[in-house]
Amino acid sequence: MSEVSGSGHLGERKLTTIHAIGQSLAIGPMFSAGLLTGLVASYAGFSTPLSVLLGTIGAISLGYVISLFARRYSGAGAMYEYLVHGAHPGVGVFGAGIYGVGILFLGGGGVFIANGFLAQTFLADIHIGVTWWILGLVVLGVAVGLNHIGVRVAVQGVLALAAISMIPYLILAITIIAKGGAHGNTLAVFGTSHSSWNSVFHGILFAVTLFIGFEAAASLGEEAREPHKAIPRALIGSVALAGIFYLLVTYAGAIGFGVKGAETAWFADPSPMGALAQQYDGHWLSVLIDLVVMLDSISVALAFTVAGSRVFFALGRDGLLPKFTTRVSRHQTPLGGNLIILGAGAIAIILGGVTTLGDLVKLPNDIEAFQISAGVGSFLIEAVYVMLALAAFRIIWSEWTGGARLLRLVVALIGVATPVLAYYGSLNPFPAYPGDLSLIIAGGCAVLVLVWFFYLQNVHPERVAAAATHAEQHHGVPPLDENLAFQPEPGLPA
């Protein structure tokens with residue numbers, strides 16, 4: 001693994017809209033449907049589709065908010081550079097720290113625990129026994145290795161895998177709906193007759209987690225051929241497609257499990273969709289579901305590895321992290337950032353293997369470790385979403401007037417409200433131990449990021465002031481496709 005001192009930039013601008021969509025789709029809709037929907041169901045129960053519907057609306061709004069920045073700026077740091085230029089350099093640096101740590105918990109750490117037990121579940125289906133942490137380490141090596149070599153082949157593989165992997169889910173959903181599930185088709189899943197609004201809001205925290213990572217496409221801005229076109233299209237298009245898929249699957253899941261099962265079995269089963277496939281279609285589909293969930297979880301790991309490594313590279317390039325983070329490989333990929341992901345993933349797998357917190361809530365310890373880690377990452381990354389949505393008000397207010405301004409302000413407000421409602425649902429009532437660990441750890445991480453920021457502000461204020469100078473600014477922003485319903489901005493050439 002040879003390395004060179006980076007020239008301040010990553011690879012050439014060769015990536016296209018297809019690559020950006022592939023990176024965004026690597027949020028892992030099959031993985032999320034197979035695993036994270038159970039986290040939503042643990043709070044929302046039979047109303048899980050309602051939480052997912054509200055989360056989808058919020059995610060599309062957030063996608064539009066982020067697209068406002070993506071049409072103007074492109075760089076390896078993405079969220080970091082958007083906040084620096086859209087709000088203030090200090091806000092951008094602090095937000096980048098929060099985002100980077102959030103990725104380490106959600107996609108640079110916790111996801112490898114999930115990779116391990118999902119692979120273990122699939123291999124058990126075909127009567128092969130391998131300990132989950134060994135499999136987690138294998139996936140960690142694959143994700144870091146592919147990101148070291150480059151992402152072009154990887155994201156093309158993600159697109160093909162997504163198309164193929166969706167077929168077993170569609171078969172399962174159609175079968176359940178056709179059979180009427182446990183007690184018949186019903187729209188009650190989109191109400192609160194079997195739950196409460198508080199439960200639905202709590203479910204939104206993990207419903208939004210289904211989409212966390214869609215913004216990873218923005219991390220390819222520095223390597224994309226036309227980033228101001230490719231990135232916005234990927235952001236909004238992939239969220240809309242994933243949202244439709246999640247609504248179909250969670251509706252089928254809710255009626256498939258029934259009211260009681262949605263409150264218990266959906267979350268407790270390590271492979272809930274596999275269990276439904278076993279019940280409604282047979283063992284053959286159950287094995288296929290477990291296979292596609294496992295393969296898609298590798299895509300998730302890769303997407304977060306790509307995004308996280310580039311955030312750390314961008315911060316290091318601006319002198320805000322140790323110099324080793326600026327190192328790039330001979331493939332012009334962020335070597336230092338990859339090593340951070342490698343270390344964080346190994347630590348997460350070790351902690352997932354030694355924890356006994358699952359015993360307190362009668363869950364496998366590795367699953368409870370993943371839930372806590374995913375919760376930490378969700379709390380931190382959703383805080384960055386709030387920052388971005390608030391910063392978008394400045395762009396909207398200055399560049400639109402009248403009804404166009406009002407409509408976009410409403411979208412930005414929805415973008416702010418989505419994570420805020422998720423926080424409310426998660427904290428009211430305050431979760432009991434060990435459920436409260438996610439918030440406590442996230443709060444501790446935020447304090448550490450704040451200390452890091454104050455250190456930089458006091459010792460290297462010139463670096464903070466000059467943050468994100470590598471981001472390319474697009475002054476003449478062309479309109480997006482008409483089918484995305486965006487119009488040219490006032491004063492900009494069509």
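These are my notebook entries on a predicted model.

**Entry 1: the whole chain**

I began with the overall make-up. I counted 17 helices and four strands in the protein. The protein has 494 residues, and 59% of them count as buried.

**Entry 2: helix H4**

I turned to helix H4, which covers residues 79-86. How many of the residues of H4 are buried? I found seven of the eight buried, so H4 is largely enclosed by the rest of the structure. I listed the buried ones: Met79, Tyr80, Glu81, Tyr82, Leu83, Val84 and Gly86.

**Entry 3: H4 against H14**

I took one of those partners, H14, and checked the geometry. Two packed helices are described by the angle between their axes and the distance between the axes. For H4 and H14 I noted an angle of about 35 degrees and axes 10 Å apart. The crossing of H4 past H14 is left-handed. On the H4 side, I noted Met79, Tyr82, Leu83, His85 and Gly86 in the contact. On the H14 side, I noted Val384, Met387, Leu388, Ala391 and Arg394. By class, this contact of H4 with H14 has seven nonpolar residues, two polar and one charged.

**Entry 4: salt bridges**

I searched for salt bridges and got two. I started with Arg317 and Glu81. Their closest N and O atoms are 3.9 Å apart. Where do the two residues sit? Arg317 is in helix H12 (residues 283-317) and Glu81 is in H4, 236 residues apart, so I recorded a link between distant parts of the chain. Arg317 counts as buried because its relative accessible area is 14%, under the 20% cut-off. Glu81 is also buried, at 1% relative accessibility.

Then I looked at Glu399 and Arg72. Their side chains meet in a salt bridge, with 2.6 Å from N to O. This pair also links distant parts of the chain, 327 residues apart. Glu399 belongs to helix H14 (residues 365-399). Arg72 lies in the loop between helix H3 (48-70) and strand S2 (73-74). Are these two residues buried or exposed? I found Arg72 buried, with a relative accessible area of 6%. Glu399 is at 24%. That is why I wrote it down as partly exposed: buried needs under 20% and exposed needs over 50%.

**Entry 5: H2 against H9**

I moved to another helix pair, H2 (residues 29-44) and H9 (residues 227-263). Their angle is about 40 degrees, and their axes are 11 Å apart. That makes H2 oblique to H9. H2 passes H9 in a right-handed crossing. H2 brings Pro29, Met30, Ser32, Ala33, Thr37 and Ala41 to the contact. H9 brings Phe245, Tyr246, Val249, Thr250 and Ala262. I sorted the residues of this contact of H2 with H9 into eight nonpolar, three polar and no charged.

**Entry 6: Phe304**

I picked out Phe304 in helix H12. Phe304 is buried, with a relative accessible area of 5%. Which residues does Phe304 touch, leaving out those up to four places away in sequence? I found Ile103, Leu106, Gly107, Ile212, Gly213 and Ser309. Phe304 and Ile103 are 201 residues apart in sequence. In space, their C-alpha atoms are 6.7 Å apart.

**Entry 7: backbone checks**

Last, I went through the backbone. Most residues other than glycine have a negative phi, and most peptide bonds are trans.

I noted a cis peptide bond from Tyr433 to Pro434, with omega near 5 degrees. Pro434 is found in the loop between helix H15 (402-427) and helix H16 (437-459).

I also noted a positive phi at His127, about 65 degrees. His127 is placed in the loop between H5 and helix H6 (132-149). His127 counts as exposed, at 76% relative accessibility.

Ala468 has a positive phi too, about 60 degrees. I located Ala468 in the loop between helix H17 (461-465) and strand S4 (472-473). Is Ala468 buried or exposed? At 1% relative accessibility, Ala468 counts as buried.

Technical notes. Residues numbered from 1 in each chain as written. Predicted model: local features only at pLDDT ≥ 70, side-chain atom pairs only at ≥ 80, totals over all residues. Heavy atoms only, no water. Salt bridge = Lys/Arg side-chain N within 4 Å of Asp/Glu carboxyl O. Buried < 20%, exposed > 50% of the residue type's maximum accessible area, 1.4 Å probe, protein only. Axes fitted to C-alpha atoms, helices over the stretch in contact; angles between N-to-C directions. Left-handed = near helix turned anticlockwise from the far one by under 90°. Contact = heavy atoms within 4.5 Å. Nonpolar A, V, L, I, M, F, W, Y, C, P; charged D, E, K, R; others polar. Parallel < 35°, antiparallel > 145°, perpendicular 65-115°, else oblique.
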